[in-house]
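I opened this model to look up a sheet and some charged pairs. My notes follow the display.

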Amino acid sequence: QVQLVESGGGLVQAGGSLRLSCVASGRVFTINVMGWYRQAPGKQRELVATISSRGTTGYADSVKGRFTISRDNDKNTLYLQMNSLKPEDTAVYYCRADTVYPYWGQGTQVTVSS
């Protein structure tokens, strides 16, 4: 099994920045792709960004050019640098790690005020 713990969420004004972190533990050597997802109130969970074990990244169109995903395999940590935040980025952000099964963190709240 894999355990994921996110941190770094909070309240920020529009145009500001936040950096989310997700620390993985357990059978981390089985992890392939990792990603960030978010869920706003009343909406479905959506993909934000993904990164493979080799560093290949992908982004939702809504965050391209503003968010950067990265991972430090030595520290078993996934990051999401979020710049130029907008009120519509407000959501609970979840870390996900894909092995044979997907594992999810508990989520961290990001609130962007206008």
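**Ground rules.** I am working with a predicted model, where local features need pLDDT of at least 70, side-chain atom pairs count only at pLDDT 80 or more, and totals for chains, interfaces and linings use all residues. Residues are numbered from 1 along each chain as its sequence is written, and side-chain values use heavy atoms, with hydrogens and water left out.

**Sheet.** I looked up the strand order first. Strands here are DSSP E runs of at least two residues, numbered from the N terminus. Two strands count as paired if DSSP finds at least two bridges between them. I found an open sheet of four strands, ordered β1-β3-β8-β7, with antiparallel pairing. β1 (2-7) and β7 (67-72) are the edge strands; each has a single partner, so one side of each lacks a neighbour in the sheet. From one strand to the next, the twist averages 15°. For that angle, axes are lines fitted to C-alpha atoms, and angles run from 0 to 180 degrees between N-to-C directions.

I then checked β3 against β8 (residues 77-82): six bridges join the two, and they run antiparallel. L20 has L80 as its bridge partner in β8.

**S21.** I placed S21 in β3 (residues 18-26). Is S21 buried or exposed? S21 is buried, at 17% relative accessible area. The cut-offs are under 20% for buried, over 50% for exposed, and partly exposed in between (1.4 Å probe, protein chains only). Beyond its neighbours within four places in sequence, S21 contacts V5, E6, S7, W36, T77, L78 and Y79. Contact means heavy atoms within 4.5 Å.

**Salt bridges.** I counted five salt bridges in the structure. Each needs a side-chain nitrogen of Lys or Arg within 4 Å of a carboxyl oxygen of Asp or Glu.

I looked at D89 and R38, whose side chains meet at 2.9 Å, N to O. This pair links distant parts of the chain: D89 sits in the loop between β8 and β9 (91-98), R38 in strand β4 (residues 34-39), 51 residues apart. D89 is buried at 1% relative accessibility, and R38 is buried at 6%.

D89 also forms a salt bridge with R66, at 2.7 Å, N to O. R66 lies in the loop between β6 (57-59) and β7, 23 residues from D89. R66 is buried too, at 11%.

I noted R96 with D98 last, at 2.7 Å, N to O. R96 is partly exposed at 22%, whereas D98 is buried at 18%. Shared partners join R38, E46, R66 and D89 into one salt-bridge network.
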